[in-house]
Amino acid sequence: MKLAIILSMILLIQYVATIIQVRHYKKYVDKIVSHYKGKEGYFLYSGMNRRKFSPGAMAMIVVNKDYVIEDCYILKGISVFSKFKKYEKYIGHHVAEILDDHHEFTENAAGKKRKIPSFLAALSMAAENAIVSISKKKLSI
């Protein structure tokens with residue numbers, strides 16, 4: 001009986017933590033969208049990398065129609081109290097630079113037991129989404 005109560009409490013805590021994290025994510029997305037509202041040719045993409053026993057990450061990038069990154073934000077950590085932080089490294093650069101860094105890291109880590117950092121995996125997912133989506137839009141024009 002005590003085990004069932006403990007497991008129920010853990011599930012309840014996880015549910016509340018998920019609600020907090022989703023609200024934080026939505027609030028931050030709304031903040032970014034309001035900054036670019038009314039401007040043509042800007043797109044918001046996000047990526048996520050979950051890990052079982054190490055911190056995961058979420059990334060959001062704002063890309064213009066020429067595949068140049070205008071804004072880049074990363075949230076990494078275990079806690080639901082982690083916050084998005086601006087990541088300056090890729091701002092003003094082509095989206096493909098993220099993918100180049102990802103590829104470079106995997107080549108350098110070949111044969112070693114190094115994992116790709118979760119924030120780089122999340123950024124790569126967002127970059128891939130950006131390239132595919134913008135190229136589809138350009139083809140349909």
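**From a loop to the core and the surface**

Tyr 67 sits in the loop between strand E2 (56-64) and strand E3 (69-77). Helices (H or I, at least four residues) and strands (E, at least two) are DSSP runs, numbered from the N terminus. This is a predicted model: local features need pLDDT of at least 70, side-chain atom pairs count only at pLDDT 80 or more, and totals for chains, interfaces and linings use all residues. Residues are numbered from 1 along each chain as its sequence is written, and side-chain values use heavy atoms, with hydrogens and water left out.

What is the phi of Tyr 67 near? It is near 70°, a positive value in a residue other than glycine. Most residues other than glycine have a negative phi. Tyr 67 is also buried, because its relative accessible area is 16% and buried means under 20% (1.4 Å probe, protein chains only).

Now the core. The largest nonpolar core has 21 residues. Such a core is a set of buried Ala, Val, Leu, Ile, Met, Phe, Trp, Tyr and Cys residues joined through side-chain atoms within 4.5 Å. Among those with the most contacts inside it are Tyr 45, Ile 61 and Leu 123. E2, E3, H2 and helix H3 (118-140) each give two or more residues to this core. H3 gives the most, with 8 residues.

Helix H2 covers residues 96-108 and holds Glu 97. Is Glu 97 buried or partly exposed? Glu 97 is partly exposed, because its relative accessible area is 32%, and partly exposed runs between the buried limit and exposed, over 50%.
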